[in-house]
Amino acid sequence: MSPARRGRLRHALHAFATGLGMGAAELVPGFSGGTVALVAGLYARLVEQIRTGAVALVALLTLRPRAMLEALRRLDPTFLVPLLVGMALALLTLATGVEGLLAAEPIAMSSVFLGLVAGSAIVARRQFRSARPHHALVVVAAAIGTFVALGASPGVVAAPGPVTLAAAGALAVSAWILPGVSGSFLLLVLGLYPVVIGAVAARDLIVLLPFAIGMVAGLAASATALDALLVRAHDVVLAALVGLMVGSVRVLWPWPVGTGVGDPALGAPDGDVVLAGGLALVSALAVVAFSRAARRLGGG
C-alpha cells in the first residue's frame, strides 16, 4: 500500500472512531459530541465542513446551482462519510442499552451523568485563553440561572407534536457542536429525552423525521453563529457553558423526588450513597483523563 493510500486510510479511520465517540456521547445527558471532536483533534475540521455544507444548503434553497456545486466541491467525503457512519452506528447500537439502564438503574445512571458533566466542566474550564475575574461572575450567573430555570422544566413530555420535535432537534444539534454542551442534556431540560431515545431504539420515524428536519436546519444556522461567537467572545462563551453545566446538577441529581433521570425536584439521598459518589467520581476522572491523553497524543 502506498504512503498516500495509508494516509487516507488513517484519516478515514480517525474520522470513523471520532464519529463513534460522538454518537455515543449524544446518548449521554451531560456529555457532548463537540467535546469528543475537540479532544480528537478534529473540531476545527468539523466546524469548517459544517459551514461549507451550510453554504451549499443556502445556495440550493436560493436557486444558485453554481454556488452550490462550488461549495460541494469543498466537502471532504473521506472525512464526512466515515464520521457520519460512525455516529449512526453508535446511535443505533447503543440506544437500546442506554434506555434499558435508565429504566433499571436510574440512580447509578444519574451518578454517571453527573460525573460526566463535572468532568466536562473541568475540561471546558481549562480551555480559557485568558481567564479574567469577570469570567467567574459569568460562570456563577449562568449556573444560578440554569439551576433556577430547570425548576420550571415540564418534566417528561409524553406526546410532543412535530413542531416541538423539530425545534428540539434544532436546539440539540446546536449543542452537539459546542464543546462541553450536551444535546441530550437539552433534551432532558425540555422533557423530551425519554421520547427521543425511545424513538431511536424503536426506529420510530414518526418521531425521528421531524426531529431530523429540525437538526438539519439547526446545524446549518448554528455553525456560522458558533464561529462568530467564539471569535468575538471565546472566553465569555466558555464561561457561560461552564456555568450551564454546573447548574445542570438540578436534573442530574441521583435522588429526585419523582422517578427517572431528569426530574428537577430534588430529594434527599436514598440508597447507596457511596456507590453513587464513586460512580460520579470515576466518570469525572475518566473525562479528564481522556482529555489529557488526547492532548498528549496530539502534541498539545
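Is Arg74 buried, partly exposed or exposed? Arg74 is partly exposed, with a relative accessible area of 41%; buried stands for under 20% relative accessible area, exposed for over 50% and partly exposed for the range in between, with a 1.4 Å probe and protein chains only. The legends below concern a predicted model, in which local features need pLDDT of at least 70 and side-chain atom pairs count only at pLDDT 80 or more, while totals for chains, interfaces and linings use all residues. Residues are numbered from 1 along each chain as its sequence is written, and side-chain values use heavy atoms, with hydrogens and water left out.

**View 1. Arg74 and Glu70 form a salt bridge.** The N to O distance between these two side chains is 3.9 Å; a salt bridge requires a side-chain nitrogen of Lys or Arg within 4 Å of a carboxyl oxygen of Asp or Glu. Glu70 is partly exposed, at 45% relative accessibility. The whole structure holds 3 salt bridges. Side chains of opposite charge can pair when their charged atoms come close.

**View 2. Arg45 forms salt bridges with Glu48 and with Asp76.** The bridge from Arg45 to Glu48 has an N to O distance of 2.8 Å. Both residues lie in helix H3, 3 residues apart, about one turn of the helix; helices (H or I, at least four residues) are DSSP runs, numbered from the N terminus. In the bridge between Arg45 and Asp76, the closest N and O atoms are 3.0 Å apart. That pair links distant parts of the chain, since Arg45 is in helix H3 and Asp76 is in the loop between H4 and helix H5 (77-104), 31 residues apart. Arg45 is partly exposed at 29% relative accessibility, and Glu48 is partly exposed with a relative accessible area of 31%. Asp76, by contrast, is buried, with a relative accessible area of 15%.

**View 3. The charged end of Arg45 sits over the ring of Phe79.** The distance from this charged end to the ring centre is 5.9 Å. A charge sits over a ring if NZ of Lys or CZ of Arg is within 6 Å of the ring centre and within 35 degrees of the ring normal.

**View 4. Trp253 and Trp255 form an edge-to-face aromatic pair.** The structure holds 1 aromatic pair. The ring centres of Trp253 and Trp255 are 5.2 Å apart and their planes stand at 70 degrees, so the pair is edge-to-face; rings of Phe, Tyr and Trp (its six-membered ring) pair if their centres lie within 6.5 Å, and planes under 30 degrees apart count as stacked, over 60 as edge-to-face and the rest as tilted. Trp253 is partly exposed, with a relative accessible area of 26%, whereas Trp255 is buried, at 8%.

**View 5. Leu27 is a buried loop residue.** Leu27 lies in the loop between helix H1 (3-25) and helix H2 (33-39), and its relative accessible area is 5%. Beyond its neighbours within four places in sequence, Leu27 has contacts (heavy atoms within 4.5 Å) with residues including Ala90, Leu94, Ser184 and Tyr193. Leu27 and Val196 are 169 residues apart in sequence and 9.9 Å apart in space, C-alpha to C-alpha.

**View 6. Leu63 has a positive phi.** The phi of Leu63, a residue other than glycine, is near 60 degrees. Leu63 lies in the loop between helix H3 (43-61) and helix H4 (65-73) and is exposed, with a relative accessible area of 73%.

Note on methods
Helix = DSSP H or I, 4+ residues; strand = E, 2+ residues; numbered from the N terminus.
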